[in-house]
Structure formats: C-alpha cells, structure tokens
Amino acid sequence: MIASPLRLRLDRDALVANWRTLAALSGRAACGAAVKANGYGLGARDVVRHLAEAGCRDFFVATWGEALALADAGVEVSVLHGVRAEDMAVAPGARHARPVLNSVQQVRRWRDAGGGVCDVMVDTGMNRLGIRPEDVTAGLLDGLEIETLMSHLASADEDVPLNARQRDTFAALKGRSGARRMSLANSAGIALGPDYALDLTRPGIALYGGVPSPALAGRIGQVVTPEAQILQRRLVPAGESVGYNATWTAAVDTEVAIVNLGYADGYLRCFSGQGRTRAGDREMPVIGRVSMDLTAVDVSVAPELAEGDWLAFDYDLPATAALSGMSQYELLTGLGARYDRIWG
Ligand SMILES: *Cc1c(COP(=O)(O)O)cnc(C)c1O
C-alpha cells in the first residue's frame with residue numbers, strides 16, 4: 001500500500017490516560033467508552049483494543065454496522081440506536097452485541113423475537129431517543145432481561161437545573177425494571193459529580209481529547225494531531241495573491257508551502273487564514289482559502305522545509321473549537337478517510 005500524504009498522529013498513552021482519569025472521576029461506577037462514528041474518527045478498532053487492554057469493558061456504537069465491524073474485537077458492545085426491523089436478521093444472534101431499546105415498538109420487536117439480553121434507553125427530558133419513564137413504571141419492560149437501563153443528559157456541559165431534574169427522574173426508576181445497572185453520564189456528565197455516575201459512565205469526547213466542561217480543563221490530554229506533507233514550495237512575490245478568490249496577498253516576498261490537506265479531510269474552510277501549523281518549534285500560519293485537497297502555509301520562518309516534509313496542524317480541541325467556531329465533536333468526526341491513522 002502507498003503511504004498517504006496525510007496522517008493522523010494518535011497518542012495511545014493520552015487516550016488511556018484520559019480513560020483512567022474519567023474512570024477515577026466515575027468513582028465506584030464502571031467507566032465505558034463511546035466508540036460510535038468509528039471511534040469519533042480515530043478508528044474504532046484501535047480505540048477498542050487500547051481501552052480494552054487498559055481494562056475498559058463497556059463499549060457503545062450507534063448502528064449494527066458499527067457493531068458488526070467489532071465482532072472479532074473480543075469486547076461487548078451496546079448498539080445505541082436499538083433494533084430496526086432490518087436489524088433483526090443479525091441482532092438476536094449477535095453474541096458480542098446487544099441493542100439499547102429506544103421505543104415501545106423496539107421493545108415489542110425484541111420481546112416478540114425472544115431477543116435475549118438488552119439495554120434500554122429512557123428519555124428523561126431530552127426528547128431524543130428513549131421510552132418514557134411512565135412506560136417503565138407501567139410495566140412495559142416486565143420480563144425483559146436488561147443489563148443496563150440508560151438515560152442521556154441534554155445539557156451536561158452547562159450548569160442548568162435540567163441536569164438535576166433528569167438525574168432525579170432517572171434515579172426514581174431504580175429497582176423498577178429489573179435492570180442490573182443504571183447509566184446516565186457522558187463525558188460532561190461525569191464532571192457534574194458523583195451523583196451522576198450511578199453504576200456505569202459512558203464518556204466519548206473526553207477520551208479523545210475533548211474538554212466539554214470547565215471541570216475537566218487541564219485533566220484531559222490531546223490525542224489527535226493531523227499532519228500533512230508538503231507537495232510544493234514556492235516563492236510568492238510581493239503583491240501576488242494565494243488561493244481561491246485571492247483572499248491573501250503577499251505584503252513582501254513570501255515562502256509558501258502547499259500541503260496535502262483540505263476540507264475534504266475535515267480541515268474546513270473556517271481555518272482559512274486562521275489555522276496554525278508547526279515543524280519542530282516553529283509555528284506557521286495558514287494563509288488564504290483552504291481548498292478541497294490543499295492548504296497554503298507561510299513557511300518563511302523555516303527555510304529548510306522542502307517538498308516531502310511534513311507539517312503538523314494545531315488541533316488542540318478546545319482551542320481549535322474556539323478558533324474555528326466548530327464543535328469539538330465536529331472537529332473529530334469530520335476527519336476523513338484519506339488519513340493514515342498512526343498510533344504512537
Ligand atoms: C455519544 C453518546 C455518549 C458519549 O457522549 P460524549 O459527550 O461524547 O461523552 C454517551 N451516551 C450516549 C447515549 C451517546 O449517544
């Protein structure tokens with residue numbers, strides 16, 4: 001295989017350290033890992049392998065396609081979107097995966113098929129996925145073999161009364177369903193404190209270097225750094241412009257590197273004139289418009305950089321989110337398929 005001209009540098013030790021930090025903050029609760037959307041773009045199989053080695057036992061994906069891709073990973077997977085009619089060909093027989101049932105119809109579908117162990121999502125105020133708390137107390141789940149009863153916080157990254165309301169509504173269901181465990185907190189929910197951890201936490205973004213709440217600042221390490229190779233180095237004479245729509249004009253003669261990275265790789269147009277790159281201890285700015293596959297960088301401070309050399313792009317998630325106006329989640333999940341993903 002040909003090496004790609006762009007790569008994600010992925011820090012295994014930082015991933016594992018982030019999980020350990022979140023596990024410690026989860027107290028006596030088990031700490032799982034959300035690995036949907038291909039492990040938030042990092043590569044679900046490698047994320048699962050590293051976290052399973054560290055002791056993580058509970059993994060969450062969105063769809064059965066994602067679950068089947070982990071069939072030989074040696075871990076148990078919960079499928080957050082439950083079971084559609086189309087999923088019933090594989091779901092009841094999948095030994096490594098179980099659905100998180102979300103609706104009355106999904107509960108019936110699973111029970112009618114004699115489906116076996118499952119999880120169940122209860123909606124406590126987000127009005128996204130889940131059955132209503134009254135459905136639980138009315139006995140909808142009677143007779144199901146439930147591993148984990150779950151709910152999901154709408155605003156865990158904010159200090160608002162809805163958090164405690166959701167927690168209290170959910171906690172009142174303890175003992176009402178036969179579920180072995182209760183689970184409420186995502187990354188930001190863990191930071192809300194021990195009252196939210198219950199039996200199992202489900203962090204995603206903070207595993208991968210995201211800081212969704214001020215309480216986690218300084219405790220979460222960066223995991224992902226995009227790097228791209230220089231395709232061409234050129235001198236742009238004073239007065240000439242660079243890139244689509246000529247948004248940047250050289251004030252003085254400027255050394256420019258054109259690198260193999262663009263918005264098709266998730267390096268979006270909001271980084272035009274905003275992004276920063278590094279080689280060694282030199283920092284260099286992105287200039288002009290980011291195009292689909294190419295980005296220009298002012299490399300005047302690095303005379304030795306040549307075609308074939310690599311630049312690292314600043315991608316500290318909180319800082320990059322502030323700079324770009326993108327969410328930390330979008331910054332990760334938008335990273336495309338053209339990167340080689342290199343764990344170190
Ligand atoms: C994605 C997801 C998580 C993880 O959320 P983060 O904010 O990334 O920590 C947890 N639970 C559910 C139901 C999710 O969909």
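Me: Which strands do the buried residues of H7 pack against?
Reply: Strand E8 (146-150) and strand E9 (181-183). Keep in mind that this is a predicted model.

Me: OK, and which residues of H7 are buried?
Reply: Helix H7 covers residues 161-171, and its buried residues are Asn163, Gln166, Arg167 and Phe170.

Me: Why do they line one face of the helix?
Reply: Look down the axis of H7: its buried residues fall within an arc of 100 degrees, so they line one face.

Me: What's on the face turned away from that buried side?
Reply: That face of H7 carries Pro161 and Arg165, which are exposed.

Me: Switching to H5. Which residues are buried there?
Reply: Gln106, Val107 and Trp110 are the buried ones in helix H5, which runs over residues 104-112. They sit on the same side of H5, because they cover an arc of only 100 degrees around the axis.

Me: What do those buried residues pack against?
Reply: For H5, the partners are strand E6 (97-101) and strand E7 (118-121).

Me: What follows H5?
Reply: Glycine 114 follows H5, and its phi is positive, near 60 degrees.

Me: Let's zoom out. How many helices and strands does the chain have?
Reply: There are 10 helices and 19 strands. The chain has 344 residues, and buried ones make up 51% of them. Its C-alpha atoms fill a box of roughly 75 × 45 × 35 Å along the principal axes.

Me: What about contacts between residues at least 6 apart in sequence, how many join residues at least 24 apart?
Reply: 63% of those contacts do.

Me: Now the core. Which residues have the most contacts inside the largest nonpolar core?
Reply: Val35, Leu141 and Leu311, in a core of 93 residues. Another core lies apart from it, with eight residues, among them Val242, Ala250, Val256 and Ile287.

Me: What does valine 35 touch?
Reply: Leaving out residues up to four places away in sequence, valine 35 touches Ala44, Val47, Val48, Phe59, Phe60, Val61, Leu70 and Tyr208.

Me: Last topic, the charges. How many positive and negative side chains are there?
Reply: The chain has 34 positive and 40 negative side chains, and the centres of the two sets are 5 Å apart.

Conventions:
Residues numbered from 1 in each chain as written. Predicted model: local features only at pLDDT ≥ 70, side-chain atom pairs only at ≥ 80, totals over all residues. Heavy atoms only, no water. Buried < 20%, exposed > 50% of the residue type's maximum accessible area, 1.4 Å probe, protein only. Helix = DSSP H or I, 4+ residues; strand = E, 2+ residues; numbered from the N terminus. Arc of directions from axis to C-beta. Contact = heavy atoms within 4.5 Å. Lys, Arg positive; Asp, Glu negative; His and termini not counted. Charge placed at Lys NZ, Arg CZ, Asp CG, Glu CD. Core = buried A, V, L, I, M, F, W, Y, C linked by side-chain atoms within 4.5 Å.
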